[in-house]
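Q: Please take a close look at one strand of this model and its partners. Then place that part among other pieces of the protein.

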Amino acid sequence: MSAQGTHLTYAQLNARANRLARRLITAGAGPDRLVGLALPRSAELIVALLAVLKSGAAYLPLDPALPADRTRYILDDAQPVCVLTGTATATDRLRQTPYPVLLTDDTDDTDDTDDTGDTGDTGDTGDTGGTGDPDDTGGTDGSDDTSASGTPAGDSDTADVTDTERRAPLSAAHLAYVICSSGSTGRPKGMEIAHRQVVRLLTTTEAEFGFGPHDVWSLFHSYAFDFSVWEIWGALAYGGTLAVVPVHIARSPGYFVTFLHTHRVTVLNQTPSAFRELTTAALDSPLWDELPLRTVVFGGEAFTVEDLAPWFDRLGERCPALVNMYGITETTVHVTLRRIHRADLTSPVRSPIGHALDDLRLHLLDAHGIPVPRGVAGELYVGGPGLGRGYLNRPALTAQRFVPDPFGPPGERLYRSGDLCRWRGDGELEYLGRADHQIKIRGFRIEPAEIEAALLDHPGVAQAVVHARDDHADGPRLVAYLVPTDTGDHSTAAPLDALTLRTHLAGLLPAYMVPAAYVTLSSLPLTGNGKLDRAALPAPDPAGRGTAGTPYVPPRTRTERLLAEIWAEVLRVEQVGAGDDFFDLGGHSFSALRLINRILSVFDCAVPASTVFTAPTLRALAARIDEHAFTATVSPLVPLRSEGGRPPLFLVHPVGGHVLCYSGLTAALGPDQPVYALAARGMREDERPAERIEDMAAEYLAAIADAGFTGPLVLGGWSMGGVVAFEMARRLEAGDGRTVPVVMIDSYAPDPADPHPPTPTTLQAAGPYEDGSADGDAAAQAHLIAAFAADFERTTDIDLGVRAEDLIALPYADQPAHLLARAQRAGALDENDGPDFVDRLLGLYRANRTALDRYRPATGHHGPLLLLLSAADSGADGSAVPAEASRGWQHWSTTGLVVRTVPGDHYSVLHTDHLDRLANRLRSHTLTGASR
């Protein structure tokens, strides 16, 4: 298997799992006991899964991204003997539960156990030597310490675990896993699946697929989603290779195509929603024709044949085979099987699911339990050895859904699926939809009642209905319909704005259960017999406005009307009101730059980027434009939160020059932490970007002083921003002797022995910087534009498809136009964003790259330095810490370097699911201090 630079043979995987299994047995694990797993997608996850099973216990997935309340509920409901996690995910919320926390890297340190040392000493302390690069083929091969039998010589802990060691003999009837899904009562419910159910799934499908050692399977899905059971054990049970897909790659179809090509994946499993996105990206990629895929399996949600039209138009009936496998968690992943062919495009059947797996029995019954004739819709009931044991601690629900089989021998059961199907004339099944209101979106089964219960916990919500609508360009989405609380005088009602509601739900539910749109109604529509009329629920405002219950106020002045037209173009919404907020409507850092560019062309007014943050509503920004007070020198200082009693934190822009990337971190740090950002100059026509780190540092320090900050402060930044913050701190120390804390989030230090300092992976692709603008070097400019595009893709999740080899073939002057055309095609830019805008973007990026490459500090820094390494890119994921983990900062810190890890890779370290851990690091090690 391979996972982000770690490569394990079967012998190594087995040895590590045996060693960990013995620790679990000591901790109390055994047959029909549960072990919680809270681990990211990694090699240690697969080791841990196997170790739990070897101990005799069953694994209980606990996605690290789950809200604390939901995690605690699952733990309290399941009562695991322990929770197995890694140092990078051993959060306080796990340690604060009564359940023992066991670390996969076998350390007894319970405080900052993923630390790499206070002085930058980051020697290898783990088992793997991977670099964190998903394409790294070095990894670990175990050839030096593994005997021919596969057991490391002299290590009895790595021999196979036996029943004599377990707390009781292990049988096929014992539990293998408990996976939780959404529950209609407002709380998740766990499904118990035994070993024999998984084994028969693999043996029953063996003849159909012929899986074997030649296959490479991608682990695309979360291990909390039962599709992963098929992916993991489909590979390992047949001697194949398992390639673990990092989360950020799974979310970016363009990068996933490259992953499939690099890892030579032959078996791909996808939800139809994910495959639609992959097809869009893949069919334009030259790599697609070189992929060795032989089988694509669809599952997890409803499948429709017409979604494959682009695929068949491009590839026809060529390999790989396309197979739709309808399935249910309660019946062990898959129930039916149907190969899909081009001829299905002309069939009236939209969602064919084929025939049952050989060992399962299917019945379509009406409301009275009577079989329906062919062509008539009925509810699907499933029988056979695939049925799970039942719902954990839910005997009443188990009896309701697992019913006696009236068509089979005494004691047999049927699972009542809630899905409507009908038999076709050829004896195959067609899927029609849900008999109840349970839905699936992007492979996740969701009970709307659970979301409704969470909404009703908000004091401003009196009634709530959650409905899935399929009328959006991006596919099915959840829409919440709300009736606000009537307080009489309305003096205490909480405002039902979308941001407040999303924030409320994010603390209670997983991200995939938070609705995308919110509609406020005076009352819910009812049918004639008093039941909810779901068909009468209105579509969300087509303008896509980000608030619920906020009345539309039309623009009044000429400036407001013109500005509303610009917002509508930039944000792709139909209507903008005077009170609407740019960021609530979907604006982000890049669209803010586009907005500024359009304001310049329409109003002939150079608005600084910071104005969009300080005046985010249409009315406020129009007033600032009318003031036309932007001719003077603009301060780079952008207040993200000006309130709070702690020393202010100043965060410097990364290489792209924008600062909105820090907005999520600002929220995670809490209301008592003032945060200011420092944005790069260079996006206005009258601005020239700085090309030296020293000049940026001097300018930003002057801006801080001009704003009146004279007391304690903290400097920091992500990537390049950390380097600039370091120079700012060095200058303060050299000037007035002040030493201030500096936090560098995944920043790379300048190497005095190297004329070209190390940079993140996507920037390394640019090669050594050459000033192509001076000598017309087409190759140098091509590499720089490709690096800009790669950085843009990772920060926006928009695939531009810009490659250096394509640019090199173009004349020097045509290369920026190629970038513009690609960006417009991808929807990142439109026809109003012209060459001048792209030239400014590239000019700013070029200047920042130049500054970063040329920077060499005059001296080191004597104050506190905190380096926060991304676990995925550094390899410091709790299982291994490469020697170079301090990124060279030990050369520039004389006394106070502290190195810690945070979840994610270089780009995802600032993503929502990692912000709490990052904020905790900052509070623990930096923000409690102050300049001296």
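A: The answer starts with the overall numbers, moves to the strand, and then visits other parts.

This is a predicted model, where local features need pLDDT of at least 70 and side-chain atom pairs count only at pLDDT 80 or more, while totals for chains, interfaces and linings use all residues. Residues are numbered from 1 along each chain as its sequence is written, and side-chain values use heavy atoms, with hydrogens and water left out.

The protein has 28 helices and 33 strands (DSSP runs numbered from the N terminus: H or I of at least four residues for helices, E of at least two for strands). Of its 932 residues, 59% are buried (under 20% relative accessible area; exposed is over 50%, partly exposed in between; 1.4 Å probe, protein chains only). The accessible surface is about 36100 Å², and carbon and sulfur atoms account for 52% of that (Shrake-Rupley method, 1.4 Å probe). Take the contacts between residues at least 6 apart in sequence: 72% of them join residues at least 24 apart (contact means heavy atoms within 4.5 Å).

Now the strand. E3 covers residues 34–38, and five of the five are buried, so the rest of the structure largely encloses E3. Leu34, Gly36 and Ala38 point one way from E3. Val35 and Leu37 point the other way. Both sets are buried. In a regular strand, side chains alternate between the two faces of the sheet.

E3 has parallel partners. Four bridges join E3 to E4, residues 58–61, and the two run parallel (strands pair if DSSP finds at least two bridges between them). Leu34 has Ala58 of E4 as its bridge partner. E3 also pairs with E5, residues 82–85, in the parallel sense, over four bridges. There, Gly36 stands opposite Val83.

E3, helix H2 (residues 43–55) and E4 form a right-handed β-α-β unit (with the strands pointing away from the viewer, the path from the first strand over the helix to the second runs clockwise).

Thr71 lies in helix H3, residues 68–78. Thr71 is buried at 4% relative accessible area. Leaving aside residues up to four places away in sequence, Thr71 touches Leu66, Arg93 and Leu94.

E27 pairs with E29, residues 675–678, in the antiparallel sense over four bridges. Leu637 stands opposite Leu678 in E29.

In H17, residues 618–627, the buried residues are Leu618, Leu621, Ala622 and Ile625. Seen down the axis of H17, they fall within an arc of 100°, so they line one face (the arc is that of directions from the helix axis to the C-beta atoms). Gln815 belongs to helix H25, residues 815–825. Gln815 is buried, at 0% relative accessibility. Beyond residues up to four places away in sequence, Gln815 touches Ala778, Gln781, Ala782, Ile785, Leu807, Ile808 and Leu810.
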